[in-house]
Amino acid sequence: MNKPKLVVVGNGMAGIRTIEELLTIAPDRYDITVFGSEPHPNYNRILLSPVLAGEQAFEDIILNSLDWYAENNITLHTSKTITRIDRMRRLVVADDGTEVQYDRLLLATGSTPFILPVPGKDLKGVITYRDIYDTETMIETAKVKKHAVVIGGGLLGLEAANGLKLRGMAVSVVHLGDWLLDRQLDDTAGALLRKSLEDRGLTFLMPKQTAEIVGNDLGEVTSVRFKDGDEVPADLVVMAVGIRPNSSLAESAGLHCDRGIKVSDTLQTFDPRIYAVGECVNHRGVAYGLVAPLFEQAKVCANHLAQHGIGQYKGSVLSTKLKVTGIDLFSAGDFMGSDGTEDIVLSDPAGGVYKKLVIKDDQLVGACLYGDTTDGAWYFKLLREGRKINDLREHIMFGESAIGDSGVGGQSRAAAMQDSDEVCGCNGVCKGTIVKAIKDKGLFTVDDVKKQTKAASSCGSCTGLVEQILMNCLGSSFQETPKTKAVCGCTDHTHANVRKAIRENHLLTHKEVYDFLEWRTPNGCATCRPAVNYYLLSTWPHEAKDDPQSRFVNERVHANIQKDGTFSVIPQMKGGVTNSSELRRIADVADKYQVPMVKVTGGQRIDLLGVKKEDLVNVWQDLGMQSGHAYGKSIRTVKTCVGSEFCRFGTQNSTQMGIDLETMLANMWSPHKVKLAVSGCPRNCAEAGIKDVGVIAVDSGWELYVGGNGGIKTEVAQFLCKVKTAEEVKEYSGAFLQLYREEAYYLDRTVHYIERVGLDYIKAKVVEDAANRRTLFERLLYSLEGLPDPWAARIAGAQKNEYIPIKVVA
Amino acid sequence: MNMQAEQPWVRICTVEDIPQLGSRLVERASGNVAVFRTASDTVFALLDRCPHKAGPLSQGIVHGETVTCPLHSWNIDLASGEAKAPDVGCARRFPVKVVDGEVFLSLS
């Protein structure tokens, strides 16, 4: 069968990234042909500056070797420039006469450097800085000539100037603006940068406007002359004054162009058979010149080429980093500020550190950092997520490490780490391993790093650190994992989309979800199945049926698997209160089943460790106690202190309150585990400050706290409200938990959910809106109504086969 | 299958005894065997021992023709026993056949 033909014009990062994305999701859909003007396979254009500076060789920056094209059956034409698109006959024509038919055409023609229209611009020795040829020209010139003039004090210009200086030339940078990088930095940071580069021996001529490039009789450049009459000697002139989307081919084919090829949110041009990605496009009026947006475009475009038809590109927020070794600067968003914005500024000119954060409507909208950029990734994340920062405001300037223990032994500064320092404590991955994987395997995202190295793939507490390492290795090509990422590789839909589809279309089974949302796999994977199962059950209680095979072993078996395949059994002990009869039965069970260890848990219960799977049902029967759900994404335990019944400081009966809450929430499934605590007085012996819901009794009532966490990253719970009666405690905490159950993404703890929506939102829904609080609470009670204790159900015979191994009679 | 003569087939259970997208454990003195059933009722058998840290594969989530180990989420291909990239390792396979809804295993 003849496959449809996909032709790619442009063998650069955007075009080939699109092909890579396409090959992962639809490997055999197209016969692919790629045309490139340069004689090389796809290389990492971003890393030309390290090549110029002598820090890397050209071979190091090749992203796709010629073998890669061959392995994927891609026909590659190098050194051939497409000169014409015949849209009627659907073919492209190259400058050597090659003609190729297409069914789909992808334009990734990139950009061309802007050439100043001044006399002498065509002289020998006047070049731009765009590709490996330019880079090699600079390296060769630096060997024999002395004076270099770089026109343009932007990112590219400064990187070129720095490289030429390191290659031994005397370099002058000519800049029209009042300060360097005037599109990426504010004036203060620009001045610091200038000082630092001057210390490295660069000369700056600014503000200055170039009038003429002067040459000798041989047509070689000799000097640059300015509008004010000054003149500097020059053997090499590098023009780095900006880029223009290269849309001439598209224009000649009659496609609508306006400062770039106009594309829709699906990266389609005005001819639906023709797509365009990268620096050549104009999306919603913006032409991007950095790599991160190109990759986002590539992903969306590949999705549509694969005819999955989902995913939209809605524009990108950009961050900038200069690839000049030893100079740290970072900027993102609206770093200049405008009417209605506020600045928080830290300035230490002598120490060479300057930080400015721009805030608008309680959100971070811009950041400009110089000298210390370790928190750039974090600020960028806050900025992209649009998270409210009122709770961080006092400390935000001092970075993420000032907000709390990051959970990696206080080690939160990737740049300062040694290669041998451990980043991921769960899987024992050190920084060097990650850096090597990023460089060798061409990784661009946290997900790539997780997959290849296992770092950040277990508890996730080092994700921020991995992001920092990526950012340090990749600069502006770093792709921050978007908050709206897909559930897993089986789909491009986000958690929010899946949930919405289940709710709005009344989907009740896994199959309906996978069919409706066009899952790529027949029955999901170990990541999405448990999530979908939870969304079904929580959205349609008593209607959707639980699928045991979509649950992790612990929730399927109702016990906690241990490293040797045995299980641990934790019976419910409401509020941590037990009695002699229960203790006797526990002791008897421990003897009868030779339980290797009996341990008191952190949640005020007793754990029987090392029980064989086939003994579980008998153990539960002999215990005669209910499941403590100590194994699930579910209610765990309500920890209590002694309270007013016995304690001389107790103000309320916290023990009974805990028992009541645990009774109310029995058998509750949730996006992640849920822990509560009730303390009888502000001494807070039950440690309510680090629970998902913490209740602290005071003489006049109860204080409620939400979003605490004592695990991976210690988070102090935030004050929600104060109530008077025990009934109110149940209603408010129940309503909060139901809101969390209905809106949080699977595997988000309450703290993550609150971080996403903001505490004000929770207050509005739960505290201020009494009617809404009551309906939330009613929905919670409805979904818990009549749920059986899972242990009792299994004693009665449910899921019998699960616990009985097959014996082979030899 | 060419060693069929020396390896007697042992009847284990019916296909229906194994949950779809699930597994059953077959006890065996020299190492338990996990018998899996896919959504399309294909049956596979592997040594119940993940090549990573010996996790019980029978307790994992089955999806497509893959099982995810419950201990550290390695993905093991049911047909070949090979771990999926980037992990490397292999769980031993056992010949298995289904005749009239009855599952037979060759265990020696």
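Me: Ground rule first: two strands pair if DSSP finds at least two bridges between them. With that, which residue stands opposite Val26(B) in β2(B)?
Reply: Ile806(A) does. Keep in mind that this is a predicted model.

Me: Which strand of chain A pairs with β2(B), and in what sense, parallel or antiparallel?
Reply: Strand β37 of chain A, residues 806-807. The pairing with β2(B) is parallel and runs over 2 bridges.

Me: What scores does the model get for ipTM and pTM?
Reply: ipTM is 0.91 and pTM is 0.65.

Me: And what is the mean pLDDT of chain B?
Reply: For chain B the mean is 91. Of its residues, 94% reach 70 or more.

Me: New topic: the open sheet of 5 strands in chain A. What's the order?
Reply: β3-β2-β1-β7-β19, with parallel pairing.

Me: Why is one side of β3 and of β19 left without a neighbour in the sheet?
Reply: β3 (74-77) and β19 (274-276) of chain A stand at the edges. Each has a single partner strand, so one side of each lacks a neighbour in the sheet.

Me: How much are neighbouring strands turned against each other?
Reply: By 20° on average, direction ignored.

Me: How many bridges join β2(A) to β3(A)?
Reply: 4 bridges, with the two strands running parallel. β2 of chain A covers residues 31-35. Phe35(A) stands opposite His77(A) in β3(A).

Me: Helices now. At what angle do α1(A) and α8(A) cross?
Reply: Roughly 40°. Their axes come within 8 Å. α1 is residues 13-25 and α8 is residues 291-305, both of chain A. The two helices are therefore oblique to each other.

Me: Left-handed or right-handed crossing?
Reply: α1(A) passes α8(A) right-handed.

Me: Which residues meet there?
Reply: From α1(A), they include Met13(A), Arg17(A), Leu22(A) and Ile25(A). Among those from α8(A) are Val291(A), Phe295(A), Cys301(A) and Leu305(A). By class, the contact of α1(A) with α8(A) has 11 nonpolar, 3 polar and 3 charged residues.

Technical notes. Residues numbered from 1 in each chain as written. Chains lettered and ligands numbered in written order. Predicted model: local features only at pLDDT ≥ 70, side-chain atom pairs only at ≥ 80, totals over all residues. Axes fitted to C-alpha atoms, helices over the stretch in contact; angles between N-to-C directions. Parallel < 35°, antiparallel > 145°, perpendicular 65-115°, else oblique. Left-handed = near helix turned anticlockwise from the far one by under 90°. Contact = placed C-beta atoms within 7 Å. Nonpolar A, V, L, I, M, F, W, Y, C, P; charged D, E, K, R; others polar. pLDDT = per-residue confidence, 0-100.
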